[in-house]
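Visitor: I am new to this structure. Could you walk me through its cavities and some of its strands?

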Amino acid sequence: MYKKLTEEEIVDSIDTAIREGYIFPYFQPQINHSTGRMIGAEALMRWEDPEFGMQFPKEFIPVLESYDLIFQADLYMFEEVCKFQKYCLDNKISAVPISCNMSRYDIYRHDYVEQIEEIRRKYDVPVRLLRIEIMESSAIGGMEIVAQALDKLHYYGYLVEMDDFGNGYSSLNILKDLDVDIIKLDMNFLDGGTGGRGGTIISSIIQMTKWLNTPVIAEGVETTDQADYMESIGCSYVQGFLYFNPLSKDEFISELNKLDHEPLTPAMNLIRTMDAGKFWDPDSMETLIFSNFVGAAAVLTYQEGRVEILRVNKKYIRELGMNMDETELIGTDPWEMYDDNNKAIYEATIRRAIRSGEEESCETKRLVCSKSCGDAEIWVSTDLRVIGHAGEQYLIYTMIKNITSEKENMIASIAHEKRLRTAFDQANVFAWEYFFATKEMRPCFRCMRELHLPPVVENYPEPLFENGLFPEDHREMYYDMLKSLEEGKESAEAVIPLTVGRIPFHVRYTTEFDEMGKPLKAYGSAVLVVNEEN
């Protein structure tokens with residue numbers, strides 16, 4: 001039979017319940033939704049009265065808190081978890097970290113941290129297999145006390161989870177003042193579905209925690225739609241009925257033996273010269289430099305083919321053009337801007353940067369979509385470097401330059417050159433440039449192809465006399481023609497028998513002058529002389 005214990009019965013029977021084992025832990029696994037692997041579990045307090053059946057935590061825990069009895073229940077639960085972990089280690093069962101709850105009453109009125117550390121040492125359980133979970137509400141009215149407790153926990157090596165984050169309190173201030181390692185996100189935001197304001201709030205929280213390099217576990221996930229949505233915004237760690245109801249000790253051991261395990265992604269390892277806290281602090285010198293003094297810069301993450309923009313400065317937005325704002329970049333999928341070819345180029349550059357640890361560069365074409373200006377394709381030159389990594393996730397600093405105008409001019413120039421080559425081939429014309437200061441001659445494509453000239457002929461025209469392209473008996477005349485151009489003559493021309501076959505060509509030069517009127521270079525051409533009688 002089931003009967004709800006009264007407040008008086010709870011208080012009177014708590015000692016017996018602990019002594020006789022009526023209170024015990026159940027375990028709810030935490031899963032990486034992307035891989036299906038277990039990353040940990042939470043120990044949940046259960047109370048089964050031998051006469052009146054299972055009691056609900058929401059009914060007996062508030063009573064224990066109000067009578068300052070939760071302290072001994074929490075200590076008992078922690079010891080039971082240590083016993084369980086010790087059992088797993090002794091029996092070669094692959095263990096995962098288990099989270100144990102710590103009430104605000106535990107740390108406001110007792111030396112809870114010292115006592116759990118004493119228990120852990122008693123059972124010789126590695127601290128990596130135990131996590132401490134605090135409620136967000138624990139910090140209300142006692143921030144300094146909670147902060148001191150967290151400092152002690154970190155001193156002993158425990159990771160600290162903040163439970164029910166975002167459940168109606170001053171969450172941002174708490175994150176600023178409390179050094180928590182993992183955030184457990186209250187999924188009540190998604191009661192109305194994954195769209196709307198709730199989804200927007202959760203997406204913003206996930207984005208913020210990435211800036212803080214803090215893993216997030218979505219708690220209370222009940223449907224595949226919820227889990228898929230969380231994964232789509234960057235949170236793959238879930239806990240809830242979708243995967244598991246709370247499990248008994250034997251059921252949990254069975255799952256430990258069946259499922260693969262993996263660790264939570266560790267905190268981001270940054271390059272030695274970078275301080276993450278300062279970089280994300282809006283008032284820091286690092287942020288001031290990023291926002292105002294460097295060029296068009298952004299920070300993004302890369303993990304297993306997925307790219308996410310975390311931060312951009314105003315110059316980055318201006319460089320892209322199209323009258324965009326930050327919200328049109330943050331939270332969107334950057335790959336949507338690239339076709340397959342340009343995506344491959346950009347991703348290959350990221351992978352080179354990961355391998356080399358140095359700055360790498362590329363040029364890619366992007367499709368930029370703006371709410372106010374529509375869509376446009378632009379060319380962007382990108383320099384990027386890895387500044388941190390956590391497992392397979394990489395933090396990348398990138399700077400860009402919009403080179404659309406230069407690229408379009410180059411493409412037009414190449415097309416123009418191609419047309420000229422075709423025209424020269426059809427007209428049987430050779431063309432080149434001669435630079436007076438360096439005595440360099442730069443031949444056209446046809447000159448290189450048919451006369452086998454290099455891209456640059458130095459000490460021109462001497463090499464062409466030496467190889468027989470220019471006749472030796474015209475040497476003095478040719479040098480005089482070049483000298484007259486160098487002295488300021490605007491043009492010169494002559495018929496000269498060229499090549500070893502002594503074929504007559506009409507050679508013409510036109511001089512280009514600089515802004516001071518000094519001869520800079522001459523444009524030369526040679527056209528075959530056609531005998532009209534034939």
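Visitor: How many cavities of 30 Å³ or more does the structure hold?
Guide: Keep in mind that this is a predicted model. A cavity here is a space where a 1.4 Å probe fits but cannot get out. With the cut-off at 30 Å³ or more, the count is two.

Visitor: Which charged residue lines the largest cavity?
Guide: This cavity has a volume of about 70 Å³. Its lining has nine nonpolar residues, no polar ones and one charged. Leu300, Trp335 and Tyr346 are among the lining residues.

Visitor: Which two residues lining the second largest cavity are polar?
Guide: About 30 Å³ of space lies in this cavity. Six of its lining residues are nonpolar, two are polar and none is charged. The lining includes Pro29, Val221 and Phe244.

Visitor: How many residues of strand β6 are buried?
Guide: β6 covers residues 159-165. Buried means under 20% relative accessible area. The strand is mostly covered, and of its seven residues the buried ones number five.

Visitor: Which residue in β7 does Met162 stand opposite?
Guide: β6 pairs with strand β5 (residues 130-135) in parallel, over five bridges. There, Glu133 stands opposite Glu161. β6 also pairs in the parallel sense with β7 (residues 182-186), over three bridges. In that pairing, Met162 stands opposite Ile183.

Notes. Residues are numbered from 1 along each chain as its sequence is written. This is a predicted model: local features need pLDDT of at least 70, side-chain atom pairs count only at pLDDT 80 or more; totals for chains, interfaces and linings use all residues. Side-chain values use heavy atoms; hydrogens and water are left out. On a 1 Å grid over the protein atoms alone, a cavity is a set of points where a 1.4 Å probe fits but cannot get out, and a pocket is an open set with protein on both sides within 12 Å along at least five of seven lines; lining residues have an atom within 4 Å of a point. Grid points are joined across faces, edges and corners, and a volume is the space filled by probe spheres set on the points. Ala, Val, Leu, Ile, Met, Phe, Trp, Tyr, Cys and Pro count as nonpolar, Asp, Glu, Lys and Arg as charged, and the others, Gly among them, as polar. Buried means under 20% relative accessible area, exposed over 50%, partly exposed in between (1.4 Å probe, protein chains only). Helices (H or I, at least four residues) and strands (E, at least two) are DSSP runs, numbered from the N terminus. Two strands pair if DSSP finds at least two bridges between them.
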